[in-house]
Amino acid sequence: QVQLVESGGGLVQPGGSLRLSCAASGFFFSDSAMTWARQAPGKGLEWVSTIFRDGTSLSADSANGRFTISRDNDKNTVYLDMYFVAPEDTAVYYCATAAVNLKSCRTRDDCRYWGQGTQVTVSS
């Protein structure tokens, strides 16, 4: 019953920006921590950012301040705003949750629920 549907990916030029969205349903969204992670071709899953129920968040050092995670509890949606994107950001971006407050999805086994992902390609 839990569903996570990512959207907003696509082709973007280096230095550009975009917003990814994750529409959630089937669980108590406002009480749950939400995570963005990504996986580039031939590479392992990389944690990007997590936002908790109180609105506080953590981000990977590799983001270097370029990514901002946010949530709208009225819309059951979590966002990832990406700025100054680079080719190294090319990956499938996933939304994930354990449907509890205190769990950050650093690896696949950390959380039960994952979306299908949305492709982000950074190229000129």
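**Strands, charges and rings**

Reader: Which residue in β3 stands opposite Leu 4?

Author: This is a predicted model whose residues are numbered from 1 along each chain as its sequence is written, where local features need pLDDT of at least 70, side-chain atom pairs count only at pLDDT 80 or more, and totals for chains, interfaces and linings use all residues. Side-chain values use heavy atoms, with hydrogens and water left out. Strands are DSSP runs of E with at least two residues, numbered from the N terminus, and two of them pair if DSSP finds at least two bridges between them. β1 and β3 (residues 18-25) pair in the antiparallel sense over 5 bridges, and the residue in β3 that stands opposite Leu 4 is Ala 24.

Reader: Which are the edge strands of the open sheet?

Author: The open sheet has 4 strands in the order β1-β3-β8-β7, with antiparallel pairing. An edge strand pairs on one side only, and here the edge strands are β1 (3-7) and β7 (67-72).

Reader: Which residue in β8 stands opposite Asp 72?

Author: β7 and β8 (residues 77-82) pair in the antiparallel sense over 6 bridges. Opposite Asp 72, the residue in β8 is Thr 77.

Reader: How many residues apart in sequence are the parts that Arg 53 and Asp 31 tie together?

Author: A salt bridge is a side-chain nitrogen of Lys or Arg within 4 Å of a carboxyl oxygen of Asp or Glu, and Arg 53 forms one with Asp 31, the closest N and O atoms being 3.3 Å apart. Arg 53 lies in the loop between β5 (45-51) and β6 (57-59) and Asp 31 in the loop between β3 and β4 (34-39), so the pair ties together parts whose separation in sequence, in residues, is 22.

Reader: Is Arg 38 buried or exposed?

Author: Arg 38 forms a salt bridge with Glu 46, the closest N and O atoms being 2.8 Å apart, and its side chain meets that of Asp 89 in another (2.9 Å, N to O). Together with Arg 66, these residues are linked in a network of salt bridges. Glu 46, at 29% relative accessible area, is partly exposed, whereas Asp 89, at 2%, is buried. Because its relative accessibility is 8%, Arg 38 counts as buried.

Reader: Why is the pair of Tyr 94 and Trp 114 given its name, and what is that name?

Author: Rings of Phe, Tyr and Trp (its six-membered ring) pair if their centres lie within 6.5 Å, and planes under 30 degrees apart count as stacked, over 60 as edge-to-face and the rest as tilted. The search of the whole structure finds 2 aromatic pairs; one of them, Phe 27 with Phe 29, is tilted, at 6.3 Å centre to centre and 55° between the planes. For Tyr 94 and Trp 114 the ring centres are 6.5 Å apart and the planes stand at 75°, so the pair is edge-to-face.

Reader: Over which ring does the charged end of Arg 106 sit?

Author: A charge sits over a ring if NZ of Lys or CZ of Arg is within 6 Å of the ring centre and within 35 degrees of the ring normal. The charged end of Arg 71 sits over the ring of Phe 29, 4.5 Å from its centre. At 3.6 Å from the ring centre, the charged end of Arg 106 sits over the ring of Trp 47.

Note on methods: Buried means under 20% relative accessible area, exposed over 50%, partly exposed in between (1.4 Å probe, protein chains only).
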